[in-house]
Amino acid sequence: MISPYQERQRKLQIAYHDQHPGLFDHTPRGGHFQSKPRDFVLQHGPSNLHPAIRAEAQAYFARHTIAWWGGTGPSGHLLSSQVACVNHLFAVRSDRDAVTRLLQALDGDVAEALAIPSDTGAPGFVQFEATGDESHLNEGRLQRGTQCTSLDALAYARLRDGRRRLFGIEWKYTEYYGPEDKFRDTKLEAGHSKGEVRKRRYASVLDQSAQLTSRQWTDYGCEPFYQLLRQTLLLEQLVAHRTTERLAAESWRHIHVIPRQNEALLAKAYPPSGLPMEAHWRSLLRDQTQYVVVDPRDFLEPLGSQYDDLRTYLGERYWN
């Protein structure tokens, strides 16, 4: 079952592909998703990335051994939120001034964006599928983008007082979620239920959290709160371990990019509170300034005329 917003975006993405075949390298639709050919999936995944970033984005992911969602390369799924995140942000990744403007619009304390020290190659000011250098959440071996907590994107800034701040970005597009509770999952993993494994993994870091006020697993079990829990804990731990992490910062912000039209995600009444998404999550936070929800169009608004072509592409493809 799909939401009205998701269905509308499928139709819009298919229409945009068919109206602008050159932007997709004339790749036909009908690629496979969940073992079946689908009209909203390209037959060649890399064509889902904007032509101007296609080669460089794939090289960046390969250089840092970052996993693409659902496969070994970019997904051909036209509604992929990972591809949407890369299409929105990769073009500005090397532009300090542009990234500074984006961050300043979210946080008036920002003086300038800083280069990401844990990425190799030419200096970049946005990192994709960020994990930090060490496993602070008891998740074992880290590989960016898979089998551990990753932030879809991350930026790094110097504040006006000289201190540094991390901006962890979680990118949503058409996602919405059912009632499944990750901490009540009874499927077995090494002889133990997955829900109990997850509790044991995150219990000690949740106990250390200064930002999260609840210690009840039921508050965090349903998505997207299971993701937000882990990302909040990761950001807290990166700051706590700033003397050993290359991303050394004294504070953090958690940025949740969600299209405001995605009411299936934003307006649903979530258990156990019965509140909509943002209100439920904020009810669990001590410092409200550390969490920001922003529409992708508003997020990129500060870029200015230099990126008019990018914003036109994003507006026609994603922002309807």
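Guide: Sort residues by class before you look at any lining: Ala, Val, Leu, Ile, Met, Phe, Trp, Tyr, Cys and Pro count as nonpolar, Asp, Glu, Lys and Arg as charged, and the others, Gly among them, as polar. The model is predicted, with local features needing pLDDT of at least 70, side-chain atom pairs pLDDT 80 or more, and totals for chains, interfaces and linings using all residues. Residues are numbered from 1 along each chain as its sequence is written, and side-chain values use heavy atoms, without hydrogens or water.

Visitor: How many polar residues are in the lining of the second largest cavity?
Guide: A cavity is a set of points on a 1 Å grid over the protein atoms alone where a 1.4 Å probe fits but cannot get out, and lining residues have an atom within 4 Å of a point. Thr 131, Glu 134, Ser 135, His 136, Leu 137, Glu 139, Leu 142, Thr 149 and Leu 234 line the second largest cavity. Three of these residues are nonpolar and two are charged. The polar ones number four.

Visitor: And in the largest cavity, how many lining residues are nonpolar?
Guide: Its lining is Leu 89, Val 99, Leu 102, Leu 103, Val 126, Ala 155, Ile 169 and Phe 299. None is polar and none is charged. The nonpolar count is eight.

Visitor: Which helix gives the most to the lining of the largest cavity?
Guide: Helices are DSSP runs of H or I with at least four residues, strands are runs of E with at least two, and both are numbered from the N terminus. The helix you want spans residues 96–106 and supplies three lining residues. It is α4.

Visitor: Which helix gives the most to the lining of the largest pocket?
Guide: A pocket is an open set of grid points with protein on both sides within 12 Å along at least five of seven lines. The largest one has 43 lining residues, and Trp 69, Lys 172, Tyr 177, Glu 223 and Gln 227 lie nearest its centre. At least two residues each come from α1 (4–19), α3 (81–89), β6, α5 and α6 (225–240). The top supplier, with five residues, is α5.

Visitor: How many charged residues are in that lining of the largest pocket?
Guide: Count by class. The nonpolar residues number 14 and the polar ones 15. The charged residues number 14.

Visitor: Glu 189 forms a salt bridge with Arg 201; how many residues apart are they?
Guide: Their closest N and O atoms are 3.7 Å apart. Glu 189 sits in strand β7 (residues 188–189) and Arg 201 in helix α5 (residues 194–208), distant parts of the chain. The gap in residues is twelve.

Visitor: How many residues apart are Arg 260 and Asp 295?
Guide: These two also form a salt bridge, with closest N and O atoms 3.7 Å apart. Arg 260 is in the loop between β9 (251–257) and α7 (263–266), while Asp 295 is in the loop between β10 (291–294) and α9 (296–300). The number of residues is 35.

Visitor: Is Arg 260 buried or partly exposed?
Guide: Compare the two partners. Asp 295 has 8% relative accessibility, so it counts as buried. Arg 260 has 48%, so it is partly exposed.

Visitor: Why is strand β5 described as largely enclosed?
Guide: β5 covers residues 151–159. The rest of the structure encloses it because, of its nine residues, the number buried is eight.

Visitor: Which residue in β6 stands opposite Tyr 156?
Guide: Two strands pair if DSSP finds at least two bridges between them. Six bridges join β5 to β6 (residues 164–171), running antiparallel. Tyr 156 faces Leu 166.

Visitor: Which residue in the turn between β5 and β6 has a positive phi?
Guide: The two strands form a hairpin with four residues between them. The phi in question is about 95°. It belongs to Gly 162.

Methods:
Salt bridge = Lys/Arg side-chain N within 4 Å of Asp/Glu carboxyl O. Buried < 20%, exposed > 50% of the residue type's maximum accessible area, 1.4 Å probe, protein only.
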